[in-house]
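Thanks for coming. I will go through one structure, starting with the ligand and ending with the aromatic rings.

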Amino acid sequence: MFFENRLSGGNTMSCASCHMHQYAWTDLEPLSPGEDGKRQTRRTPPLQDVGWNSLFGRDGRFESLEGFILGPIANENEMN
Ligand code: HEC
């Protein structure tokens with residue numbers, strides 16, 4: 001599902017649009033564009049070994065990986 005474009009509103013983006021395997025699951029953008037073309041407000045972090053973290057998000061506001069990952073799917077400025 002990480003590579004599934006149908007998770008986005010316009011069927012054009014997956015998690016891997018920003019978290020690209022060839023760049024340790026980040027990208028080369030200072031701020032990645034969402035499906036609407038607008039830039040994110042934070043840089044896309046790498047996801048290498050993220051399963052070992054205890055807090056998620058740049059500010060650590062999520063305590064579980066499962067709690068975090070529905071955010072980008074629902075966010076209209078990300079996968080919409
Ligand atoms: C539009 C670009 C974009 C897309 C698409 C995207 N992400 Fe992210 N991701 C980000 C950004 C930016 C952050 C940092 C957000 C924050 O800290 O508020 C992030 C953070 C994360 C984190 C937290 C990493 C950490 O070190 O705490 C995880 C996990 C994650 N994304 C997984 C996913 C998954 C799974 C999907 C698909 C369902 C996804 N992302 C889709 C840009 C994206």
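How far is a polar side-chain atom of Arg 61 from an oxygen atom of the ligand? The separation between that Arg 61 atom and the ligand oxygen is 3.0 Å. I count a polar contact as a pair of N or O atoms within 3.5 Å; within protein, one must be able to donate a hydrogen and the other to accept it, and residues adjacent in sequence count only if both atoms are side-chain atoms.

Some ground rules. This is a predicted model, in which local features need pLDDT of at least 70 and side-chain atom pairs count only at pLDDT 80 or more, while totals for chains, interfaces and linings use all residues. Residues are numbered from 1 along each chain as its sequence is written, and side-chain values use heavy atoms, with hydrogens and water left out.

Back to the ligand. For His 19, a polar side-chain atom is 2.9 Å from a ligand nitrogen atom. In the side chain of Arg 42, an N or O atom lies 2.9 Å from an oxygen atom of the ligand.

The shell around the ligand holds 27 residues, and the closest are Cys 15, Cys 18, His 19, Gly 57 and Arg 58; near means one heavy atom within 4 Å. By class, the shell has 15 nonpolar, 7 polar and 5 charged residues. Here Ala, Val, Leu, Ile, Met, Phe, Trp, Tyr, Cys and Pro are nonpolar, Asp, Glu, Lys and Arg charged, and the others, Gly among them, polar.

The ligand takes up the space of the largest pocket, with more than half of its atoms within 2 Å of the grid points as the criterion. A pocket is an open set of points on a 1 Å grid over the protein atoms alone, where a 1.4 Å probe fits, with protein on both sides within 12 Å along at least five of seven lines; lining residues have an atom within 4 Å of a point. The volume of this pocket is about 1100 Å³. Its lining has 36 residues, and closest to the centre are His 19, Pro 45, Phe 68, Pro 72 and Glu 78.

Now the rings. The whole structure has 4 aromatic pairs, meaning ring centres within 6.5 Å, with planes under 30 degrees apart stacked, over 60 edge-to-face and the rest tilted. Phe 2 and Phe 3 pair edge-to-face, at 5.5 Å and 70 degrees. Together with Trp 25, Phe 2 and Phe 3 make one aromatic cluster.

Terms used:
Points joined across faces, edges and corners; volume = space filled by probe spheres on them. Phe/Tyr/Trp six-rings, centres within 6.5 Å; stacked < 30°, edge-to-face > 60°.
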